[in-house]
There are 2 protein chains.
Amino acid sequence: MARAATTSDVFNAIAEPQRREILVLLRGGERPVTELAEELGMTQPGASKHLRVLREVGLVRDRKAGKQRLYGLDARGLRPVHEWTGGFEQFWNESFDRLDAYVQDLKQARQED
Amino acid sequence: MARAATTSDVFNAIAEPQRREILVLLRGGERPVTELAEELGMTQPGASKHLRVLREVGLVRDRKAGKQRLYGLDARGLRPVHEWTGGFEQFWNESFDRLDAYVQDLKQARQED
DNA sequence: TTGACGCATGCCTATATAGGCATATGATGG
DNA sequence: CCATCATATGCCTATATAGGCATGCGTCAA
């Protein structure tokens with residue numbers, strides 16, 4: 001079995017680099033599919049598929065604009081990710097310390113040989 | 001083709017729910033493999049495999065402790081994820097506004113029919 | 001209505017990977 | 001050296017999914 005579907009889990013949805021690029025581009029405002037595809041060097045169907053995933057997981061929304069379909073950012077879904085990683089913030093610096101302690105242990109162990 | 005390997009991309013590595021659970025558990029301190037497996041209801045080989053991915057991507061480190069191998073958190077790799085999502089923070093609230101505007105547009109469009 | 005444009009979808013393939021199982025590997029105590 | 005415990009790995013299978021391609025579908029202008 002595999003992980004939760006890309007279409008239901010934001011963590012998985014943003015695991016794809018090109019989808020992250022799309023989100024970054026959309027910070028600049030709404031864009032039609034073809035423009036996104038062009039700017040990111042992907043095919044139009046490719047862009048559409050990534051956009052579909054992002055839409056189903058709620059990170060973008062779309063609206064019709066004439067012949068075009070404009071995709072826009074809905075970043076709210078990223079907040080849980082930000083908060084989850086934030087739960088480790090206190091360990092970022094501490095990690096250095098622990099690594100130090102770890103290295104110290106290694107040195108000691110080596111001396112005790 | 002697929003996305004960047006779980007073993008090289010932190011975003012992908014944490015896309016797996018069980019790996020996230022492992023990381024959360026490790027905030028409580030180092031743990032041997034069997035204990036992790038037990039607490040998370042996974043098999044020992046399963047835990048070992050997830051730990052390997054986490055180790056290769058640099059989110060955990062291990063040290064020998066007698067017969068056991070203790071895995072500990074190295075959260076530094078989560079920082080880029082936190083920062084990347086943080087880059088969207090200004091859009092979280094704004095998203096509501098945009099959504100509102102969007103809904104307004106819909107209503108207008110409907111009236112204009 | 002017709003043609004052109006913009007986008008979504010279906011089909012197919014290759015690949016990554018999660019999980020189950022058996023087993024190899026490594027360390028410890030006698 | 002042997003038996004045992006703790007982990008890591010290899011093998012196999014099922015599945016998700018990214019990407020290429022062709023094509024369907026809706027919209028607009030003439």
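From the N terminus, chain A runs α-α-β-α-α-β-β-α-α. Helices (H or I, at least four residues) and strands (E, at least two) are DSSP runs, numbered from the N terminus. This is a predicted model: local features need pLDDT of at least 70, side-chain atom pairs count only at pLDDT 80 or more, and totals for chains, interfaces and linings use all residues. Residues are numbered from 1 along each chain as its sequence is written, with chains lettered from A and ligands numbered from 1 in the order in which they are written.

**Exercise 1.** State how many helices and strands chain A has.

Solution. Read the order of elements: α-α-β-α-α-β-β-α-α. The count is 6 helices and 3 strands.

**Exercise 2.** Describe how H2(A) and H4(A) pack.

Solution. Step one: take the geometry. H2 (residues 17-26) and H4 (residues 44-56) of chain A pack at about 75°, axes 10 Å apart. Axes are lines fitted to C-alpha atoms, for helices over the stretch in contact; angles run from 0 to 180 degrees between N-to-C directions. Step two: classify. H2(A) is therefore roughly perpendicular to H4(A) (65 to 115 degrees). Step three: list the contact residues (C-beta atoms, placed from the backbone, within 7 Å). H2(A) brings A:Gln18, A:Arg19 and A:Ile22; H4(A) brings A:His50, A:Leu51, A:Val53 and A:Leu54.

**Exercise 3.** Find which element gives the most to the surface near DNA strand C.

Solution. Step two: pick the main contributor. H4(A) gives the most, with 6 residues.

Methods: Angles under 35 degrees count as roughly parallel, over 145 as roughly antiparallel, 65 to 115 as roughly perpendicular and the rest as oblique. Two residues are in contact if their C-beta atoms, placed from the backbone, lie within 7 Å.
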